[in-house]
Amino acid sequence: MSRSPKSAAAAPADFEAGVTELETLISQLENGQLPLEQALAAYQRGQTLLKYCEGKLSDAEQQLKVLEGDVLKPLDTEAQ
């Protein structure tokens, strides 16, 4: 797999896409076959993806905390 990592600034389409891309990068890094520059770029992209996914999980956790009855209220991120 010699696919080069996406730009560190590009956000994934959604959480699942982020996790899939992160798993691919981890596999490439563990394989040890990437040249140094590509390995560094993959690591940086992985850090970006990790922060993105952690943020999405945190948002979901906060939404679950505001459950009232059978209704899931949207998270008001501006109030935090």
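What percentage of the 80 residues in the chain is buried?

1. Buried residues make up 20% of the 80. Here buried means under 20% relative accessible area, exposed over 50%, and partly exposed in between, with a 1.4 Å probe and protein chains only. This is a predicted model, in which local features need pLDDT of at least 70 and side-chain atom pairs count only at pLDDT 80 or more, while totals for chains, interfaces and linings use all residues. Residues are numbered from 1 along each chain as its sequence is written, and side-chain values use heavy atoms, with hydrogens and water left out.

2. On confidence: pLDDT is the predictor's confidence in each residue, from 0 to 100. The chain averages 83, and 71% of the residues score at least 70. Over residues 1–5 pLDDT stays under 50, and the model has ten contacts beyond four places in sequence for them. A contact means heavy atoms within 4.5 Å. Where pLDDT is low, the predicted coordinates should not be read in detail.

3. The chain has two helices and zero strands. Both kinds of element are DSSP runs numbered from the N terminus: helices are H or I with at least four residues, strands E with at least two. The expected span of a helix is 1.5 Å times one less than its number of residues. For the 30 residues of H2 that should be 44 Å, and the end C-alpha atoms are 43 Å apart, which agrees.

4. The largest nonpolar core has six residues: Leu22, Leu25, Leu34, Ala39, Ala42 and Leu49. A nonpolar core is a set of buried Ala, Val, Leu, Ile, Met, Phe, Trp, Tyr and Cys residues joined through side-chain atoms within 4.5 Å. Helix H1 (15–31) and helix H2 (36–65) are the elements that give two or more residues to this core, and H2 gives the most, with three.

5. The buried residues of H2 are Ala39, Ala42, Arg45, Gly46, Leu49 and Cys53, and their cover includes H1. Leaving aside neighbours within four places in sequence, Leu49 is in contact with Pro12, Gly18, Glu21, Leu22 and Leu25.

6. The structure holds one salt bridge, that is, a side-chain nitrogen of Lys or Arg within 4 Å of a carboxyl oxygen of Asp or Glu. Glu21 forms it with Arg45, and the closest N and O atoms are 2.8 Å apart. The pair links distant parts of the chain, with Glu21 in helix H1 and Arg45 in helix H2, 24 residues apart. Both Glu21 and Arg45 are buried.
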